[in-house]
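Subject: Structure for you to look through

Hello,

Here is the structure I said I would pass on. Please open it beside this email and find each part as you read.

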Amino acid sequence: MEDMLIGDVWVMNGQSNMAQGLARTQQADMERAQAALPLLRQVRISANESYELQKDLPAGRSDGWKVCTPETAGGISAIGYAFASRLQRALRIPIGVIDNARGGASIESLVPRHKFDDHPLPKRYAEWVEQRRAEFDWDAAVQQLVEKWEKTVADQRNKGVPQDRLPPKPTRKNLRSWSIPGTSPSDAASCYNGMFGVFKGLNIKGVLFHQGYNNAMTSNCRPRRYRVLMKLMVDGWREDFDALTLPVGVIGFCAGSIPQTRDKFEVWSVSGGAHIREAQRLGLADVGDPEHTAFLPAYDVQIPGLHPSKKRAHGLRAARWALNRVYGMKINWGSASLVSAERDGDCMVLTFDKPVMPDDMSTIPTGFSIAGKDGKFYLGHARFQLKNDVGIWNTANKSFDTTKVHVWSPLVTEPVAVRYAWATSPMGNLKVSGKPWLPLPSFRTDDWDWPETDDPAESLVDRAAARAMNLQAAERCEHRKKEEAKRAVQILERLETLGRREPGSKLSSGRGRGTSGEGKSWDKLGFSQPSPAATASEPPRGRVK
């Protein structure tokens, strides 16, 4: 053996946005020009779904470790490269990256199979997968391939293609994994069995996880089950690799749809993706190990498309977390939590445990929506609480208490709930302490959950239901725009006073349902316990999500 290194190995897991190579992303030319890093190595595991846990990789599923050079860096996961290259340079030790993300994978396929029995919700799902597999007609599936093959062969013979160059008749081996229950990248443990669990027991330093698209699709969107699976996935990894404090960084579901704007604010707020993003954060918090886990918001890195080409920021944020929390270096990293949300007359006052503000020091927070008891959310006008009015020299960090945000809408006279950055590609400009690499996690203060059933064979939101939800949102959006146009002067006058309370004044006693009867502060954002799903007609129960 030669050219052997001893260092730390990190796993890049998830689906295609984690697998996407550096060459296909923005600033790839600059990154590759600096990629002469002999102490950085990468190995990629190609698609290898399996119904049963494998003990080794088949030939051809990996071409071995590669040294990072300007010529090879383009094939490394873009997020993995941005992350690992910063670790290697900062730590000056060998870093290995295992790219085993699978395009199109649902979270169900990434969870170790033995964990599905730990909770009734995923257990019922796994039993449904087994039932589908038992009922699967292999012969009928192969016959469909044969029929297509017969047409292809007939066409090629008519064109004079020699017999020895015609494609062979398909067999079971030619069935795509997507077509086989239990092996599909959408089914229980399939990707883990052949691409991650295959090397369980070996020493890894940590895991970065980035996934979400397949579970955010309308008919697949089940945030409650996703939250449970997120915890089980991390617990299962730690058990299989005999590392009970294995560091895990979860990069939130990326923003790949058309960005939300004021003009279409309510329309884009109807988002299963926002609920999946929440489920990722809360599921990781359910692990109960904030010292070795982190949810890294990604919604603010926006560009339309299923595979956004902006990837570097995600890797850099993950590197900050790892260098700070895993390796103990003095690198800035952190997050902020919502401490309380209280009604103050016609507005909601949000209090955070750290300053939150735009990284350009703007004095106008954006991305908030607000609702009354009817559960109808409208774009909210938001202002920080003013401390010292110095006119044109006002900046968020100098003139305002940026731990307090006042949210108001002329269409919601008795507010009870607020949401922030709640869309697939949401508005939302708040950063922890104004640091561009620390976006405030999206959150909501209501319990109006995405429609979901425990039956894995049934979806409550089909295309018709989704269209109805979008139509209602569009009508609400048009209503808001017309009403705001009519009340323009009233809005301007109210915004002059929003957040400008007299020093020493207290919140009004007429609190909404956003606080408990005793007036206690709410649970920290991300550490609340799950609550029963609420219907659209029920008011929120006062729990920060």
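This is a predicted model: local features need pLDDT of at least 70, side-chain atom pairs count only at pLDDT 80 or more; totals for chains, interfaces and linings use all residues.

Strands

Some background to begin with: strands of a sheet pair through backbone hydrogen bonds, and the pairing is either parallel or antiparallel. Both kinds turn up here, as the cases below show.

Start with β2, which covers residues 37–44. Strand β3 (residues 66–68) pairs with β2 in the antiparallel sense, over three bridges. Within that pairing, Leu37 has Cys68 of β3 as its bridge partner. Strand β2 also pairs with β4 (residues 95–99); these two run parallel and are joined by five bridges. Here Gln42 stands opposite Val97 of β4.

Helices

Two packed helices are described by the angle between their axes and the distance between the axes. For α4 (residues 120–135) and α8 (residues 223–240), the angle is about 95° and the axes are 9 Å apart. Angles of 65 to 115 degrees count as roughly perpendicular, so α4 is roughly perpendicular to α8. On the α4 side, the contact is made by Leu121, Pro122 and Tyr125. Helix α8 supplies Arg224, Arg225, Val228, Leu229 and Leu232. By class, the contact of α4 with α8 has six nonpolar residues, two charged and no polar ones.

Cavities

How many cavities of 30 Å³ or more are there? The count is four.

The largest cavity has a volume of about 70 Å³. Its lining consists of Phe295, Leu296, Pro297, Arg317, Trp333, Gly334, Ser335, Trp437, Leu438 and Pro439. Seven residues of the lining of the largest cavity are nonpolar, two are polar and one is charged.

The second largest cavity holds about 40 Å³ of space. Leu22, Thr25, Gln26, Glu31, Ala78, Lys311 and Arg312 line the second largest cavity. By class, this second lining has two nonpolar, two polar and three charged residues.

Regards

Key. Residues are numbered from 1 along each chain as its sequence is written. Side-chain values use heavy atoms; hydrogens and water are left out. Two strands pair if DSSP finds at least two bridges between them. Helices (H or I, at least four residues) and strands (E, at least two) are DSSP runs, numbered from the N terminus. On a 1 Å grid over the protein atoms alone, a cavity is a set of points where a 1.4 Å probe fits but cannot get out, and a pocket is an open set with protein on both sides within 12 Å along at least five of seven lines; lining residues have an atom within 4 Å of a point. Grid points are joined across faces, edges and corners, and a volume is the space filled by probe spheres set on the points. Ala, Val, Leu, Ile, Met, Phe, Trp, Tyr, Cys and Pro count as nonpolar, Asp, Glu, Lys and Arg as charged, and the others, Gly among them, as polar. Axes are lines fitted to C-alpha atoms, for helices over the stretch in contact, and angles run from 0 to 180 degrees between N-to-C directions. Angles under 35 degrees count as roughly parallel, over 145 as roughly antiparallel, 65 to 115 as roughly perpendicular and the rest as oblique. Contact means heavy atoms within 4.5 Å.
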